[in-house]
Amino acid sequence: TLVMSATTALFDKRMAVLVIQLLGIPTVLGIAFLTRQLSRRLHPGDELLDNLAFISVLTYLPFSYSSLLGMENGLLTLCILAAFLCGLRGLDKQHTRDLSLVAVLLGLAFLTRNETILLAGALFGYLAYKAGRSSYLSLLYALLFFGAFVSGQLIFRLWQYGQLLPNTYFLKVTGIPLSLKLRWGLTYIWPFLAQSAPLLI
């Protein structure tokens, strides 16, 4: 929303949409690059796998298409992959700065879409599992720093709107029977699972 606000302030409506779509190009290329870097770190010396990881991102049409249309999934993926890479590098080199970057990147991802708190929890859990005892304190500081993003948004939302939960929660969750929500969810996710089954396997 902030990126779109900046483009609409600088350009007219038609041009602003084009600029957002053009920003999708470096975003998708950045995601492909980060995916390749993660492959290199997790599987050293396997150049074929690294190249396959890079190409797979660029050739997965649903992701590239939505990112190039200006959807936020590209920005989210970029932040999460960069956070993962910084976290692994921070543990390897014992750099507190890299772990602070993890908190900032995951904080930006959370501000983009609140449900990424689940991915942030998984990533912090993985880093804690891989970390040595000497890194636990740095990881705790990074987790608290990430918590500042979460609590900051909650405080702002409470001050601005008088609610702790976002408006989308009330629009999409309250007053709808669970069976209907589950049916809608399955209707939405089933085509994705059917289409992506070969890749997921």
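Close-up 1. A disulfide is defined as a pair of cysteine sulfur atoms within 2.5 Å. The count of disulfides by this rule is zero. Are these cysteines buried or exposed? C86 is buried, with a relative accessible area of 9%. C79 is buried too, at 8%. Buried means under 20% relative accessible area, exposed means over 50%, and partly exposed is in between (1.4 Å probe, protein chains only).

The model is predicted: local features need pLDDT of at least 70, side-chain atom pairs count only at pLDDT 80 or more, and totals for chains, interfaces and linings use all residues. Residues are numbered from 1 along each chain as its sequence is written, and side-chain values use heavy atoms, with hydrogens and water left out.

**Close-up 2. T27 in helix 2.** T27 sits in helix 2, residues 13-42. Helices are DSSP runs (H or I, at least four residues), numbered from the N terminus. T27 is buried, with a relative accessible area of 17%. Where does the side chain of T27 reach? It reaches the backbone oxygen of L23, at 2.8 Å. T27 also touches G74, L75 and L78, leaving aside residues up to four places away in sequence. Contact here means heavy atoms within 4.5 Å.

Close-up 3. The side chains of R36 and E47 form a salt bridge, 2.7 Å from N to O. R36 lies in helix 2 and E47 in helix 3 (residues 47-59), so the pair ties together parts eleven residues apart in sequence. A salt bridge is a side-chain nitrogen of Lys or Arg within 4 Å of a carboxyl oxygen of Asp or Glu. The whole structure holds five salt bridges. R36 is buried, with a relative accessible area of 13%. E47 is partly exposed, at 42%.

**Close-up 4. R40 and D50, a salt bridge at 3.9 Å.** The side chains of R40 and D50 meet in a salt bridge, at 3.9 Å from N to O. This pair links distant parts of the chain: R40 is in helix 2 and D50 in helix 3, ten residues apart. R40 is partly exposed, with a relative accessible area of 37%. D50 is buried, at 2% relative accessibility.

**Close-up 5. The network of E72, R113 and E115.** Salt bridges link E72, R113 and E115 in a network. The side chains of R113 and E115 meet at 2.6 Å, N to O. R113 is partly exposed, with a relative accessible area of 33%. E115 is partly exposed as well, at 43% relative accessibility.

Close-up 6. Helix 6 covers residues 96-112, 17 residues in all. The expected span is 1.5 Å times one less than the number of residues. Which residues of helix 6 are buried? They are D98, L99, V102, A103, L105, L106, G107, A109 and F110. These buried residues pack against helix 5 (73-93), helix 7 (117-130) and helix 8 (136-161).

Methods. Helices (H or I, at least four residues) and strands (E, at least two) are DSSP runs, numbered from the N terminus. A polar contact is a pair of N or O atoms within 3.5 Å; within protein, one must be able to donate a hydrogen and the other to accept it, and residues adjacent in sequence count only if both atoms are side-chain atoms.
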